[in-house]
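I opened my notebook to look up a few things in this structure. My entries follow, in the order in which I made them.

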Amino acid sequence: MKKLIIFTLCILGMCNARAEMMTAQEIILTEMATMLPWDSEDEKDEIKPIGQTEFHASIDGNQLFIGADASVHAYTEVINQRTGEVVEEEEFVGETNMYIPQSGNYELYIYSESGTVMAGEFNIE
């Protein structure tokens, strides 16, 4: 009976440790710009902002997750704030994961095919 209680406590401890490690930090994204080509036939139409809920991003350790509410074509880049160097870049549809190897402060830019540019900042320790 004593062994069963100890075994149960060990299993619960492992589950709790795993749950604590799975805490991802949400990256706050703000809309930087909405662009249309100069020769666009739609230039007479009013530009409707997409809003902050279309894209979402989070960082969990060195793993960066970027996703959209729909299957949207987008391009993203991660820039090291100290050096100005593009650390990661990728074109994706819907969602993507990126591994950022070094600690530091970073800027995230997401460019959607509709012309919206979203930006956010995050830190990896």
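**Entry: aromatic pairs.** I searched the whole structure and got three aromatic pairs. Rings of Phe, Tyr and Trp (its six-membered ring) pair if their centres lie within 6.5 Å; planes under 30 degrees apart count as stacked, over 60 as edge-to-face and the rest as tilted. I noted tyrosine 106 with phenylalanine 122, a stacked pair at 5.5 Å centre to centre, with 20° between the planes. Tyrosine 106 belongs to strand S8 and phenylalanine 122 to strand S9, so this pair ties together parts 16 residues apart in sequence. A strand here is a DSSP run (E, at least two residues), numbered from the N terminus.

Are these two residues buried or exposed? Buried means under 20% relative accessible area, exposed over 50%, and partly exposed in between (1.4 Å probe, protein chains only). Tyrosine 106 has 1% relative accessibility, so I put it down as buried. Phenylalanine 122 has a relative accessible area of 7%, so it is buried too.

Next I wrote down tyrosine 109 and tyrosine 111, which are stacked at 6.5 Å centre to centre, with 20° between the planes. Tyrosine 111 is partly exposed, because its relative accessibility is 28%. Tyr75, Tyr109 and Tyr111 make up one aromatic cluster.

**Entry: ground rules.** The model is predicted: local features need pLDDT of at least 70, side-chain atom pairs count only at pLDDT 80 or more, and totals for chains, interfaces and linings use all residues. Residues are numbered from 1 along each chain as its sequence is written, and side-chain values use heavy atoms, with hydrogens and water left out.

**Entry: threonine 76.** I found threonine 76 in strand S5, residues 73-80. Its relative accessible area is 0%, so threonine 76 is buried. What does its side chain reach? It reaches the backbone oxygen of tyrosine 109 at 2.9 Å. I then listed contacts (heavy atoms within 4.5 Å). Leaving out residues up to four places away in sequence, threonine 76 touches residues including Ile66, Phe92, Leu108, Tyr109 and Ile110.

**Entry: the core.** A nonpolar core is a set of buried Ala, Val, Leu, Ile, Met, Phe, Trp, Tyr and Cys residues joined through side-chain atoms within 4.5 Å. The largest one has 20 residues, and Phe55, Leu64, Leu108, Ile110 and Phe122 touch the most other members. Strands S3 (55-60), S4 (63-68), S5, S8 (104-112) and S9 (116-124) each give two or more residues to this core. In soluble globular proteins, nonpolar side chains tend to be buried together. I also checked isoleucine 110: among its contacts beyond four places in sequence are Leu29, Phe55, Ala74, Thr76 and Met118.

**Entry: a sheet.** I traced an open sheet of four strands in the order S1-S3-S4-S7, with antiparallel pairing. Two strands pair if DSSP finds at least two bridges between them. Strand S1 (25-27) and strand S7 (95-99) are the edges; each has a single partner strand, so one side of each lacks a neighbour in the sheet.

How many bridges join S1 to S3? There are three, and the strands run antiparallel. Glutamine 25 has isoleucine 59 as its bridge partner in S3, and isoleucine 27 has alanine 57. S3 and S4 also run antiparallel, joined by six bridges. Isoleucine 59 stands opposite leucine 64 in S4. The hairpin of S3 and S4 has two residues between the strands, and glycine 61 there takes a positive phi near 70°.

Note on methods: A polar contact is a pair of N or O atoms within 3.5 Å; within protein, one must be able to donate a hydrogen and the other to accept it, and residues adjacent in sequence count only if both atoms are side-chain atoms.
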